[in-house]
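Morning, everyone. Please look at the structure on the screen, and I'll walk you through some of its parts.

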Amino acid sequence: MPDDHFSSMRQSIIDGAPDTASSLAQEAVASGIPPIDAINNGFVPGMHDVGEQFARGQMFLPDMMASAEAMRAAMAVLDPELKKLGTERPMAGIVLLGTTKGDIHEIGKILVGTMLTAHGFQVHDLGVDVAGDKFAAKARELKADIVGVSALLTTTMRNQKGVVEALEKDGLRSQVKVMVGGAPVTRRWAEEIGADGYAKDAMSAVALAQELMQQKLQAVSVQQ
Amino acid sequence: MRPKLELLDKPLIERILDEAFQLIEDPGVRVAPYVEDLLRAAGITVKEGVAHIPEVLARRLLDLVPRGFCLYDRLGKPAVHYSGDTVHFDPGSSCLNILDPEAQQPRPAMSADLVRLVQVAEMLPQFAAQSTAMVCNDIPPEIGDWYRLLLVLWYSEKPVVTGAFSASSLHTLIDLLAIESGGRETLRRNPRAIFDVCPSPPLNWSEFASQNLVDLARAGVPAEIVSMPLAGATAPVTLAGSVVQHAAECISGITIHQLAQPGSPIVWGGAPAIFDMRSGKTPMGAIETAMLDLACSQVGKYLGLPTHAYLVAGDGRFVDAQVEMESGMSAALGALAGINMISGAGMLDFLACHSIEKLVIDAEAIASAQRLIEGIQPHGVSLAVDMFAQTGLQGDFLRLKETRALFRKEQHFPSAIIDRGLPVPDGTSPDILQRARHRVDELVAAYERHPLPLEAERELIAFAQREGKPTGLEGLPGILNPAFA
């Protein structure tokens, strides 16, 4: 596989071009490139670049959104191919995402989901306006490692606490890490409501999720 | 001449309204089941939770909104005039955290903090109204809405800007106000409070917001729409586009409200903001946020409606130069725009935190803004010639009787928070934060609570104990009247 092709894949993500990303993914499949190689050597490095440029202030949220769309378009082609081959990307952890009850905004959550997916997490998105008990029920069903709760408004961020409480009520809290984010959310708020972490943006959400998984694994090894 | 600032010309306002009317019809406005029958009865099509409001009907209902009304103080005097270009300020609302006065670090707000803030705001004439400024974290959340209103009513005689976070708590808040006012009819006639009601952007009147609109209209208690388009995130990225959305949310809210009770008072208000494309935050101190506030208000004024906006808030985490630059600038802009009620003073960190020290500094900015809109007025027959006739070229104006008679009208004298080079008693050089702390202490020390009539106080206490008991509320935090201990 010529490096040029991987480079084009990477660039399609940086450019936020879903049609190009999808075409490149289809070409890769047609020419017999293993889908896992296309993902790991082409598209994921593009998301890494985007994340780094965002962190440096060289890219902005609309750019990130477009890149996330492009990543999704590529994965829509490559995921079924992976399944056909019976191969899977090494999974970093199962993350359940949703926007809190009363809130219908999902920009931040979508970005977080895309970045987590790009970094090997299996992400399940419950959507918007999600009550605490729904988070808990789905977390149990999926055996989720992490629940991520987003809120955009000061009036709805208080419902993040309800998710922590619902997980406690269902006896899941010791097994599930909770991370929170959103425009009005702060680290202090996360601490106040008993969440395990706060991420200020999609890139730091990835770092946080990786750290939380480390904590989980360490806790398991201590128990064993 | 009263100085005035307008950002929109008439053709642009007409375009904004034209598009807002288009939006409320198509794609329409999401509404809650609670109001669907009300809307259908008026001939509005409601399909799958979305109301499609025709312009003709919306315009007819806009015409029913009172062009002005007052909020009354505890003594029954009109203290806030929602009409024309009158300008009032109140502290920001519903904050979760306070900047600790000593540590200057954010921490959860408690009822004692709210009491202190109310006492300070009570002493400052710059604030025509109080607000239920903080969520008290030592109070069970299920009674938090009415408890903070209780504290404000207990310690203040000024009108109150408040709000309910749920449909059920609204009725408890109205009950509380009725006790304090001497009955529902008095409350309706001389409303002491106004309730903020927030649509969810874009174009969504949620269950509790829809219900709040209807219930407030029927109770005759004024409502204040706080529409919050976030330009680029939950609203079009352009300022003009976000103003359109704000107008559509206000018009649709007024439609629901006026159908519930024609002629009930309601305010065209909001807390619009831009969405920072780097941080994802909503900077309340950004100049574009202030521009949105001014433009949204101007559209309301064009319709002849009472107006509200969220300004005088800064985004830094501490009481520093950035926060005060942002707050002072927007105080002046809001005043120049003639917005009837400007909320937000005291707040910082993207509305996540209150600071009483900031509140007293903001009061100085507000006083300057209030002086600004008094404008430059002529006094006497001549402007300067008569005074020159007395002094000649010697220029000894300090001796003139006109100087003594007029300097208080011409100049605003700030408190000691503002350094005008006056000597400090102990010879130190306190910075602005130290001066603000000192000012807060002075105001709290000088504050004197004016009790309610004994019967009303007993009734309020009985109400609070009765409603608080099922939640495990112990005592009545923040209310220390030994007569009821």
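How many Å separate the centres of domain 1 of chain A and domain 2 of chain A? The answer is 25 Å, taken over C-alpha atoms.

A word on the model. It is a predicted one: local features need pLDDT of at least 70, side-chain atom pairs count only at pLDDT 80 or more, and totals for chains, interfaces and linings use all residues. Residues are numbered from 1 along each chain as its sequence is written, while chains are lettered from A and ligands numbered from 1 in the order in which they are written.

Back to chain A. Domain 1 covers 3-85 and domain 2 covers 93-223; these bounds come from an automatic or database domain assignment. Where they touch, 10 residues of domain 1 are in contact with 8 residues of domain 2. Contact means C-beta atoms, placed from the backbone, within 7 Å. On the domain 1 side, helix 3 (35-55) and helix 4 (61-85) of chain A each give two or more residues. Helices here are DSSP runs of H or I, at least four residues, numbered from the N terminus. By class, that side has 8 nonpolar, 1 polar and 1 charged residues. Nonpolar is Ala, Val, Leu, Ile, Met, Phe, Trp, Tyr, Cys and Pro; charged is Asp, Glu, Lys and Arg; the others, Gly among them, are polar.

Next, the two chains. Their contact takes 17 residues from chain B and 17 residues from chain A. The chain B side has 9 nonpolar, 6 polar and 2 charged residues.

Now the core. The largest nonpolar core has 221 residues. Such a core joins buried Ala, Val, Leu, Ile, Met, Phe, Trp, Tyr and Cys residues through C-beta atoms within 7 Å. Buried means 20 or more other C-beta atoms within 10 Å of a residue's own. A:Val147 and A:Met179 have the most contacts inside this core. Its largest share, 10 residues, comes from helix 9 (residues 239-260) of chain B. Domains 1 and 2 of chain A both give residues to this core, so it lies between them. Beyond its neighbours within four places in sequence, A:Val147 is in contact with residues including A:Leu96, A:Phe135 and A:Val178.

Last, a helix pair. In chain B, the axes of helix 6 (residues 167-181) and helix 16 (residues 454-468) come within 9 Å and cross at roughly 160°. Axes are lines fitted to C-alpha atoms over the stretch in contact, with angles from 0 to 180 degrees between N-to-C directions. These two helices are therefore roughly antiparallel, the word for angles over 145 degrees. B:Leu176 of helix 6 and B:Phe463 of helix 16 are among the residues making the contact.

Note on methods. A residue is buried if 20 or more other C-beta atoms lie within 10 Å of its own, exposed if 12 or fewer, and partly exposed in between; C-beta atoms are placed from the backbone. Two residues are in contact if their C-beta atoms, placed from the backbone, lie within 7 Å. Angles under 35 degrees count as roughly parallel, over 145 as roughly antiparallel, 65 to 115 as roughly perpendicular and the rest as oblique.
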